[in-house]
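Here's a quick briefing to get you started. Have a look at the sequence and the model first, then read on.

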Amino acid sequence: MKNLLSAFTALVAIGMIVGAAEAADLVLYTSQPNEDAQATVDGFKAANPGLDVQWVRDGTPQIMAKLNAEIQAGNPAADVLLIADTVTLERMKQAGQLMAYKSPEAANYDKALYDADGFYYSTKLITTGIIYNTQAAMKPTSWADLAKPEAKGLVTMPSPLASGAALIHAQTLSGIPSLGWDYYKNLKANGAIAAGGNGAILKSVASGEKAYGFVVDYLPIREKAKGAPVEFVFPKEGVSAVTEPAAILASTKHADNAKKFIDYVLSQKGQEGFLKLGYIPARNGMAVPAGFPARETIKVLPINAPDALKNSEKDVKGFADIFGIKG
Amino acid sequence: MTRPQKQGNSQPRWLFPFVVTVIFCLSVLPLGRLAATGIMSAFRGGASELLSDPGLWCSVYDTLSTSFFGMIAAVVLGGGFALLLTLFDIRGKALLGFLFMLPTMIPPQVTALAWIGMTGPSSALLKALGLAPPLGSPQPLYSIGGIALLYGVQNAALVYLSLRAGLLALPRDAVEAARLSGASSFQVLKDVILPLSLPGFAAGAAIAFVSCVGNFGIPAILGIPAGIYTLPTLIYSKFAAFGPRTFADISVLSGLIAILSVIGLMVEARVLRGRDYRVIGLSGQVAVFRLGAWRWLAELLLWLTIFLILAMPLIALVASSLAPAYGVRLSPATVTIKAYEEILLRQAATRIAFTNSLSLSLATAFGLLVVTVLTGYFLVRSKSRLVGLISALAEIPYALPGIVLAVAFILLFAAPIPVIGISIYGTIWIILIAYFSSFFAVSLKPVVSAFRQLDPSLEEAARLSGAGFARRLVDILVPLVAPAAGASVILVFLIACNELTVSALLWSAGTQTLGVLIYNLDDSGSFNIAAALSVLVVIMVIAMMVVLELMAKRLPKGVVPWRS
């Protein structure tokens, strides 16, 4: 009986631990890498002591899948989202899944960077450019370089199925007359592959499995500082950009804490935190991280947001068809 | 159960309904729900669109080819080890056998990460040695062959165990008779031992095949970057692109995996028909052949294999965890323990994942024990005709790939539970229930084998003296099966702790498990943190295996899987 008793005691104790783990004051779903997500949460907790924050990290499409499945099951766990792109949040806004909140911090932001009704706020500027391994024979300076014979079989890029930034990137480049979807077809013909998220691209190029890749700026710039043999290029045609917006879910059970979170990521302190992690802050009058050129010299390619929203499903499918991706 | 309780049947009335309820909840209900959704989707025509997608058949082909070659690799590796270690006078058998079991106990995604660290241009190990292949050379493991090779390494122990059990069960008299009639060692091996051990080979191969079909960690890490999707990773990516048809699609896909697994298991059942390992008189005493001058060569080969499939990948894993950034050459000047600091001190996710994995595994191990002690007692003592059916139903969830079970539980609990209206989807409880279902058979097996060894007369004496069921349970049954129960707890704990496939689909905020965390860290580009966490997990696995090994002498036969 002793054994059974101790087993039951263990069960009860575990039940209590597990129960406690579920009672967080705020749940964040984010597409930031683990270290950055932890740093963001740590910063928020320092600014708001006593709050217990839980976070979940995954690629933007995966996070949205998880959330959609939870919404369908009637039990969404997330209170706030901090994910790659506004297009996804615009869709959620139209579906009535977001809560409006007018943050006082918005006054310090360009009007283009947040939703006028307060449904979502951009927190930083993340551009997608070219990463190359320093041992590579060619130093690419333009997107077109990667379709050249020198790069045959050496190019890799993230899949829009795994990365929100990658979808926006494909939609941006395909809208540039000199590139278009033909550019992607040429890349495919040149042996380029598309798989996984930005982390996988960094890994593949840094390790030398591939020589060139499309990737979000902060990963290679940070890794280069740690000694990785990579360089990041802002191609001469320009770069695509996402703004990693934050939003509150309409179903939130912790609306007050969620508002505090929005205020924090937009505040001077929160933005300095992003700067320290190696991101370009969205707030007016902030510096750029070490390793970046001055903000005004970065040429951001335009994207038509309403079209991007309308076409995202078609564009994902088009991309997947060119590169033979399943999912 | 038809006889009234007074006449000899010593079980309490509630035992039968209890066992039936448990089996219904853990096996019949989820799998029934899965089958219902699959069939409904097929009737509504939803399946035809899915089934006419060439991508799906490409996945089926990739699943079959990787699993087939994986099975071959497992048979070569596991068969070679089993024959050499069981039949020949190799020194250090116990240690070799133990080390050979390790890759099976290490989580597949950790195996995959370790091997990636060992080969290709990305290897921190090869870079440190100055042997890294040139820029642009492909990672050779990102291929059908690479996936199959790792399947082989991961599952070789299954073939080893199955074949070894067969070899140990060989009738010694046949060997001796052949010897006395003047047969040489080689003839005995060729004409007596190998033909008799064929069923063991075939059964091991079938189990390895089924295990390959259901593997998720290896094709997720090696296949997805190369555009190779097996059915489990296809389900995962379908789920990751959640749409209105996702539930219907993934139920059809898991049905396909289930069919492949069932075919494999039927092959196994067929080759094992009529063989009963339980009644063996002279087991464990197979004649040992002398290798003579060949011995050192065979030993060298065995240790070299262990070095290649175990030591090298683990050294590579440690090397990856100590590198400051990807692609940096590891040298005394660049070694850093930053990854360990990050994972142990800074990441809240680590604490959450350790807490979740440990508490889920403990709860599963102890919770299941309570259920399996009662079920095991019922299965051994009951004369009900349903015993066969019930033990088969208890086995099914374990035999099915984890991803199939995960899908079944998602379907069962996606909507709030009727009547009480609580939703457990997205909470830790859905993972716990899925674990209960998945590991029920693991927990049951040692307990049943302990009950089989119990002499019923002890209990009968107690009953004649007027002891009720509870009294007998506490004073006689539980103490006598306690060692097996202990082993059962450790086994379930070990397996549940390293689990990825079930939780990969079921995790949510605050319910990450270690397996999910390692996968996710690697996915976000934090490869060295993923490697550091993997190293910690491997250390934990080895520690628990050593504890089981130390317990082994006090346990019934067959409880510690790698001992025989």
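A few words on terms before the tour: a residue is called buried under 20% relative accessible area, exposed over 50% and partly exposed in between, judged with a 1.4 Å probe and protein chains only. What you're looking at is a predicted model, where local features need pLDDT of at least 70, side-chain atom pairs count only at pLDDT 80 or more, and totals for chains, interfaces and linings use all residues. Residues are numbered from 1 along each chain as its sequence is written, chains are lettered from A and ligands numbered from 1 in the order in which they are written, and side-chain values use heavy atoms, with hydrogens and water left out.

**The two chains**

- Chain A has eleven helices and 13 strands, where helices (H or I, at least four residues) and strands (E, at least two) are DSSP runs numbered from the N terminus.
- Chain B has 23 helices and zero strands.
- For the 327 residues of chain A, a compact globule would have a radius of gyration near 20 Å, and the chain's 21 Å agrees with that. The radius is taken over C-alpha atoms, and the globule rule is 2.2 Å times the number of residues to the power 0.38.
- For the 564 residues of chain B, the rule gives a value near 24 Å, and the chain's 25 Å agrees as well.
- Along the principal axes, the C-alpha atoms of chain A fill a box of roughly 70 × 55 × 40 Å, while the C-alpha trace of chain B spans about 80 × 75 × 50 Å.
- Buried residues make up 60% of chain A and 59% of chain B.

**A greasy patch on chain B**

- Phe68(B), Phe69(B), Ile72(B) and Val76(B) make a nonpolar surface patch of about 380 Å².
- Patches are made of residues with over 30% relative accessible area and no salt bridge; like charges are joined within 9 Å, and nonpolar side chains (Val, Leu, Ile, Met, Phe, Trp, Tyr) within 5 Å. The areas come from the Shrake-Rupley method with a 1.4 Å probe, and for residues only the protein chains shown count as cover.
- Val76(B) belongs to helix α3 (residues 54–87) of chain B, and it counts as exposed because its relative accessibility is 59%.

**Salt bridges**

- Side chains of opposite charge can pair when their charged atoms come close.
- Over all chains, the structure holds 18 salt bridges, each being a side-chain nitrogen of Lys or Arg within 4 Å of a carboxyl oxygen of Asp or Glu.
- Lys203(A) pairs with Asp522(B), with the closest N and O atoms 2.7 Å apart. This pair crosses between chains, from helix α7 (residues 198–207) of chain A to helix α22 (residues 514–523) of chain B. Both Lys203(A) and Asp522(B) are buried.
- Asp307(A) and Lys310(A) meet in a salt bridge at 3.6 Å, N to O. They sit three residues apart, about one turn, in helix α11 (residues 305–323) of chain A. Asp307(A) is partly exposed at 34%, and Lys310(A) is exposed at 64%.
- In chain B, Asp475(B) and Arg471(B) form a salt bridge at 2.8 Å, N to O. They are four residues apart, about one turn, in helix α20 (residues 469–497). Asp475(B) is partly exposed at 43%, whereas Arg471(B) is exposed at 52%.
- Elsewhere, salt bridges that share partners join Lys93(A), Asp115(A) and Asp117(A) into one network.

**Aromatic rings**

- There are 27 aromatic pairs over all chains. Rings of Phe, Tyr and Trp (its six-membered ring) pair if their centres lie within 6.5 Å; planes under 30 degrees apart count as stacked, over 60 as edge-to-face and the rest as tilted.
- Ring pairs link Trp143(A), Trp181(A), Tyr183(A), Tyr184(A), Phe214(A), Phe319(A) and Phe323(A) into a cluster.
- The charged end of Lys66(A) sits over the ring of Trp507(B), 4.4 Å from the centre. For this, NZ of Lys or CZ of Arg must be within 6 Å of the ring centre and within 35 degrees of the ring normal.
- Lys124(A) lies over the face of Phe274(A), 3.8 Å from the ring centre.

**Two loop residues in chain A**

- Glu244(A) has a positive phi of about 35 degrees, although it isn't a glycine. Glu244(A) lies in the loop between β11 (240–242) and β12 (245–249), and is buried at 3% relative accessible area.
- Ala107(A) is in the loop between β4 (98–99) and β5 (120–122), and counts as exposed at 67%.
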